[in-house]
Amino acid sequence: QVQVVESGGGLVQPGGSLRLSCAPSGTINSINSAGWYRQAPGKQREPVAHITSGGSTNYADSVKGRFTISRDNAENTVYLQMNSLKPEDTAVYYCYVRLAGSMTAYWGQGTQVTVSS
């Protein structure tokens, strides 16, 4: 069965950086499209970033210019580089991937990002 392993969260000071990773296991199929949602305490889950099968990217206005989503085809892993982090970025981040030949989205377990001084 396909599982998605998500990692890279942690505690960082405002202005710092983190890189989240998201990698499917249990499949030989490559990542088609992928992205992240996040859910902050007391707030609704919101989309953060998305990358299409062709490599086009989309970002929430709140993270545009600070976050970058990318894909490493050799490692079959998607990354979210988060720079200039703000306290309001504090949330649990959930990645999703769609694999070649499938419409099914697979979700990671979530990773906590805390931005605090």
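At 5% relative accessibility, arginine 38 counts as buried, the term buried meaning under 20% relative accessible area, exposed over 50% and partly exposed in between, with a 1.4 Å probe and protein chains only. This is a predicted model, in which local features need pLDDT of at least 70 and side-chain atom pairs count only at pLDDT 80 or more, while totals for chains, interfaces and linings use all residues. Residues are numbered from 1 along each chain as its sequence is written, and side-chain values use heavy atoms, with hydrogens and water left out.

Arginine 38 forms a salt bridge with glutamate 46, with 2.7 Å between the closest N and O atoms; a salt bridge is a side-chain nitrogen of Lys or Arg within 4 Å of a carboxyl oxygen of Asp or Glu. Glutamate 46 is partly exposed at 31% relative accessibility. The structure holds four salt bridges. One of them pairs aspartate 61 with lysine 64, the closest N and O atoms being 3.2 Å apart, and both of these residues are exposed.

Aspartate 89 forms a salt bridge with arginine 66, where the closest N and O atoms are 2.7 Å apart. Aspartate 89 lies in the loop between S8 and S9 and arginine 66 in the loop between strand S6 (57-59) and S7, so the pair ties together parts that are 23 residues apart in sequence. Strands (E, at least two residues) and helices (H or I, at least four) are DSSP runs, numbered from the N terminus. Both aspartate 89 and arginine 66 are buried. Salt bridges with shared partners join Arg38, Glu46, Arg66 and Asp89 into one network.

## Surroundings of aspartate 89

The loop that holds aspartate 89 runs between strand S8 (77-82) and strand S9 (91-99). The relative accessibility of aspartate 89 is 1%, which means that this residue counts as buried. Its side chain makes a polar contact of 2.7 Å with the side chain of arginine 66. A polar contact is a pair of N or O atoms within 3.5 Å; within protein, one must be able to donate a hydrogen and the other to accept it, and residues adjacent in sequence count only if both atoms are side-chain atoms.

Leaving aside neighbours within four places in sequence, aspartate 89 is in contact (heavy atoms within 4.5 Å) with Arg38, Val63, Arg66, Phe67, Ser84, Val113 and Val115. Val113 and Val115 belong, with Thr111, to the covered face of strand S11 (residues 111-115), whereas Gln112 and Thr114 form the uncovered one.

Two strands pair if DSSP finds at least two bridges between them. Strand S2 (residues 10-12) and S11 run parallel and are joined by three bridges, with threonine 114 as the bridge partner of leucine 11. S9 and S11 run antiparallel, also with three bridges, and valine 92 has glutamine 112 as its bridge partner in S11.

S9 is mostly covered, with seven of its nine residues buried. Eight bridges join S9 to strand S4 (residues 31-39) in an antiparallel arrangement; tyrosine 37 is partnered there by tyrosine 94. S9 and S10 are antiparallel and share three bridges, and tyrosine 96 stands opposite tryptophan 107. These two strands form a hairpin with five residues between them, and glycine 101 in the turn has a positive phi of about 85°.

## Tryptophan 107

Tryptophan 107 lies in strand S10 (residues 105-107) and is partly exposed, with a relative accessible area of 41%. Not counting residues up to four places away in sequence, tryptophan 107 touches Val4, Tyr37, Tyr94, Cys95 and Tyr96.

## Disulfide and nonpolar core

A search of the whole structure finds one disulfide, defined as a pair of cysteine sulfur atoms within 2.5 Å. The sulfur atoms of cysteine 22 and cysteine 95 are 2.1 Å apart, and the link is right-handed, with 75° about the S-S bond. The pair links distant parts of the chain, with cysteine 22 in strand S3 (residues 18-25) and cysteine 95 in strand S9, 73 residues apart. Cysteine 22 is buried at 0% relative accessibility, and cysteine 95 is buried with a relative accessible area of 0%.

A nonpolar core is a set of buried Ala, Val, Leu, Ile, Met, Phe, Trp, Tyr and Cys residues joined through side-chain atoms within 4.5 Å. The largest one has 27 residues, and Trp36, Leu80, Met82 and Tyr93 have the most contacts inside it. S9 gives the most to this core, with five residues. Among the residues that tyrosine 93 touches beyond four places in sequence are Trp36, Leu80, Met82 and Arg38.
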